Amino acid sequence: MRIQIEPKNAYHLINHGPCNLLTTGDGTLKNVAPINWVMPLEISPPMMLAVVEKGIYTDELIQKSKEFVINVAGENLAEQVMACGKGHGRDFDKFAKTGLTPVASKSVKPPYIKESVAHIECQVVDQHPHGAVTIYVGKVVNAEIEEGMWDGKSIIPSKAKTLHHLSAGTFVISERTVTVAKKPTP
Ligand SMILES: Cc1cc2nc3c(=O)[nH]c(=O)nc-3n(C[C@H](O)[C@H](O)[C@H](O)COP(=O)(O)O)c2cc1C
């Protein structure tokens, strides 16, 4: 038996992908905000998609530089994720407020966050306005993860302990894997 939930709450059923802090900037200005609605779009060439509310400072800075960095948050960053989701970076310095450390990225102007587990540097190649949001398509130009948190194919959950936001400041912390053994083809 199932219970029905309101259509407006349906997104909570699939809302707990990795919690991402998007960093933006043009080399002088910089900002950080949690933007969870981020997903891979293509493998070759590698593309990411980010859903960003029109008019927030993150949106303004992406429009300026046409670049963004996806920072994957670990359990150490839960407080900072919620703090960066309040208010707008045009009004105060979120790095100073939260203690997050901006570090120069290799291939784009926005910094990455030193305290994150991993980061993905993206250059915007396409954008689609839709209602109150803009869907940005970013080409991956550089990606890095903390040493010891990558097994050659994927992130190691027990080491990375990534955050996954459920709702209203409650998170899941990813810690274990299940592997389905490959069956020989008949
Ligand atoms: C966990 C979490 C996830 C969020 N995900 C998104 C998102 O995917 N897209 C978005 O536009 N805003 C998202 N927000 C809201 C923005 O982070 C929020 O509007 C923020 O204040 C924008 O800051 P800025 O004006 O400095 O860019 C999220 C907030 C939280 C707390």
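Begin with the aromatic rings: in this predicted model, a search of the whole structure finds one aromatic pair. Select Tyr11 and Trp37, whose rings form that pair in an edge-to-face arrangement, with 5.5 Å centre to centre and 75° between the planes. The angle is classed as edge-to-face because it is over 60 degrees.

Next, display the chain around both rings. Tyr11 belongs to the segment before strand 1 (20-25), whereas Trp37 sits in the loop between strand 2 and strand 3 (38-42). The two residues are 26 residues apart, and their pair links distant parts of the chain.

Then turn to the ligand and select its shell, which comprises 20 residues; the closest are Thr58, Gly87, His88, Gly89 and Lys94. Coloured by class, the shell shows 10 nonpolar, eight polar and two charged residues. Strand 2 (30-34), strand 4 (47-53), helix 1 (57-65) and helix 2 (78-84) may be highlighted next, as each supplies at least two residues of this shell.

- At Asn36, a backbone N or O atom lies 3.1 Å from a nitrogen atom of the ligand.
- At Glu53, a backbone N or O atom lies 2.8 Å from an oxygen atom of the ligand.
- At Gly85, a backbone N or O atom is 3.2 Å from an oxygen atom of the ligand.

Of the 650 Å² of accessible area that the ligand has on its own, the protein covers 86%.

Terms used: Residues are numbered from 1 along each chain as its sequence is written. This is a predicted model: local features need pLDDT of at least 70, side-chain atom pairs count only at pLDDT 80 or more; totals for chains, interfaces and linings use all residues. Side-chain values use heavy atoms; hydrogens and water are left out. A residue is near a molecule or strand if one of its heavy atoms lies within 4 Å of it. A polar contact is a pair of N or O atoms within 3.5 Å; within protein, one must be able to donate a hydrogen and the other to accept it, and residues adjacent in sequence count only if both atoms are side-chain atoms. Accessible areas come from the Shrake-Rupley method with a 1.4 Å probe; for residues, only the protein chains shown count as cover. Helices (H or I, at least four residues) and strands (E, at least two) are DSSP runs, numbered from the N terminus. Ala, Val, Leu, Ile, Met, Phe, Trp, Tyr, Cys and Pro count as nonpolar, Asp, Glu, Lys and Arg as charged, and the others, Gly among them, as polar. Rings of Phe, Tyr and Trp (its six-membered ring) pair if their centres lie within 6.5 Å; planes under 30 degrees apart count as stacked, over 60 as edge-to-face and the rest as tilted.
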